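Me: Hi, could you walk me through this one? Here is what I have open.

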Amino acid sequence: MTDSAQAGAARALGPATLRRVTRNLMPLFCLMYLIAYIDRQNVSYAKLEMVDALGLTEAAYGLGASLFFLGYFLFEAPANLILVRVGARVWFSRIMLTWGLVTIALGFTRSPAMFFVLRFLLGVAEAGFFPGVVYVLTLWYAQAHRARMVGAFLMASAVANAVGSVLGGALLDLDGVLGLAGWQWVFVATGVPAVLLAPYVLWRLPSHPDEARFLTPDQKAWLAGTLAAEPRPRAEGSPWRTLLDARVMALAGLYVGLPLGAYGLSYWLPTLVKGFGASNVQNGFINVIPWVLVALALWWVPRHAARTGASAWHIAAPALLGAVTLVLSVVVPGAAPKFALLCVAAAAIFAGQPVFWSVPQKLLAGPHAAAGIAAINSVGNLGGFVAQSAVPRIHDATGSQLAPMLFLAGCLLISGVGLLVLVPRLIGRHGAG
């Protein structure tokens, strides 16, 4: 081989390695997250019949739905540190198996108390999956590529909401089949795929590039060299100390508004659309539209951020747009304009999150990154707990559709402005403005 041919092969090695890693990892991660998100969100469709079947009030339903996030919060950081010890292959398989079994069990709920316990256990079972994937991506991709990969991973949540919208409406119409109510089918049919996929994950997923059978020795060496050459933050002391790191706590506190807005919207969107007069199946198909826009936003925003280097604005501006459109969706007259604004709000609320997750990866490394990412996600996802408990209470107390949206918009506003100020200070103005 000539010198020029060798140089060409060396230049092609990096892109070829990244393509092979992406082709072998990302579809599986996305499929796992799609199933996880459907199992997390299916309660919003089951609610349409389950509330009456179990004698739940709106506030009791909101509390039960929100208990998922309490279990998630308590076990997220320990789960991610266990992942570092046992590897992604074993830990992700365990997560999928247990969350699938708990989801199926939800289909046989007999009382509000049982509903509360199982929703809490679902959070415990799934704890560590999302931050675990965000951490695992640091083992396979350089910093320049991670926001796009997180965006691609988050697109699975948009697809899950779209698929879940159609699936949830269709499953409700299976009422009476095999003696199960429609709301029971929602849980049973969405829990089985997680159980079936767990053995495949155990067989197929490598925990580290060194275990990857799909990479050649040259590709493994290139990947190891590329990651080793990146500047890495200093990591001293126990990873548990990261939980009290002022930077981590600040990011966690400001991140709360993003999932709060997202879950506040996605859990209640089916109910809002049904208020327009849509049937179960129509409701499902109509709710595909906002999640298509979410997927497009998750694809475009990280790429635009990578080109311009304006990370803070790519996190904050979508949050601020989401705040405005949530309020307008209640204020403007007419079902079509309301729904259009909700679609824009959904895309805006999710769009900045891939860029957000690139920030802690610049500050932390190794087990400290695993602990920090888990801490930020667990505290931030308390926004889901707040959304599902506070929003219905605000609605019941005021009898107003506007008051809950003002609450969600206010939280998004605080997060957006706070992140706009904080992010440049944490990572410097280069790549943050």
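Reply: Happy to, starting with one term: buried means under 20% relative accessible area, exposed means over 50%, and partly exposed lies in between (1.4 Å probe, protein chains only). This is a predicted model, where local features need pLDDT of at least 70, side-chain atom pairs count only at pLDDT 80 or more, and totals for chains, interfaces and linings use all residues. Residues are numbered from 1 along each chain as its sequence is written, and side-chain values use heavy atoms, with hydrogens and water left out.

Me: Great. Is glutamine 353 buried or exposed?

Reply: Glutamine 353 counts as buried, because its relative accessibility is 6%. Its place is in helix α16, residues 353-356. Helices here are DSSP runs of H or I with at least four residues, strands are runs of E with at least two, and both are numbered from the N terminus.

Me: What does the side chain of glutamine 353 join up with?

Reply: With tyrosine 255: a polar contact of 3.2 Å links the two side chains. A polar contact is a pair of N or O atoms within 3.5 Å; within protein, one must be able to donate a hydrogen and the other to accept it, and residues adjacent in sequence count only if both atoms are side-chain atoms. Leaving out residues up to four places away in sequence, glutamine 353 touches Leu154, Tyr255 and Leu258. Contact means heavy atoms within 4.5 Å.

Me: And glutamine 361, buried or exposed?

Reply: Buried, because glutamine 361 has 5% relative accessibility. Glutamine 361 sits in helix α17, residues 358-363. Its side chain reaches the backbone oxygen of tryptophan 357 at 3.4 Å. Beyond its neighbours within four places in sequence, glutamine 361 contacts Val134, Thr138, Gln143, Arg146, Val150 and Ile373.

Me: Val134 turns up there. How many residues of helix α6 are buried?

Reply: Helix α6 (residues 129-137) is mostly covered, with 9 of its 9 residues buried. Val134 is one of them, and the others include Phe129, Pro131 and Tyr135.

Me: Zooming out, how many helices and strands does the chain have?

Reply: The secondary structure comes to 20 helices and 0 strands. Of the 433 residues of the chain, 56% count as buried. Among contacts between residues at least 6 apart in sequence, 83% join residues at least 24 apart.

Me: Nice. How do helix α13 and helix α15 pack?

Reply: Helix α13 (residues 288-308) and helix α15 (residues 335-351) pack at an angle of about 35°, and their axes are 8 Å apart. Axes are lines fitted to C-alpha atoms, for helices over the stretch in contact, and angles run from 0 to 180 degrees between N-to-C directions. Among the residues that meet are Trp291, Val294 and Leu298 in α13, and Phe339, Cys343 and Phe350 in α15. The residues of this contact divide into 14 nonpolar, no polar and no charged. Here Ala, Val, Leu, Ile, Met, Phe, Trp, Tyr, Cys and Pro count as nonpolar, Asp, Glu, Lys and Arg as charged, and the others, Gly among them, as polar.

Me: At what angle do the axes of α2 and α3 cross?

Reply: The axes of helix α2 (residues 43-54) and helix α3 (residues 58-86) cross at roughly 145° and come within 11 Å. Val43, Ser44, Lys47, Met50 and Val51 of α2 make the contact with Glu58, Tyr61 and Ala65 of α3. The residues of the contact of α2 with α3 divide into 5 nonpolar, 1 polar and 2 charged.

Me: Switching topic: how many disulfides does the structure hold?

Reply: The structure holds 0 disulfides, taking a disulfide as a pair of cysteine sulfur atoms within 2.5 Å. Cysteine 30 counts as buried, because its relative accessibility is 19%. Cysteine 411 is buried too, with a relative accessible area of 17%.

Me: What is phi for leucine 178?

Reply: Near 55°, a positive value in a residue other than glycine. Leucine 178 lies in the loop between α7 (143-172) and α8 (182-204). Leucine 178 is exposed, because its relative accessible area is 72%.

Me: Last one: how far apart in space are leucine 13 and leucine 223?

Reply: They are 9.6 Å apart, C-alpha to C-alpha, and 210 residues apart in sequence. Leucine 13 lies in helix α1, residues 3-41, and is partly exposed with a relative accessible area of 23%. Another pair is valine 166 and valine 288, 122 residues apart along the chain, with C-alpha atoms separated by 7.3 Å.
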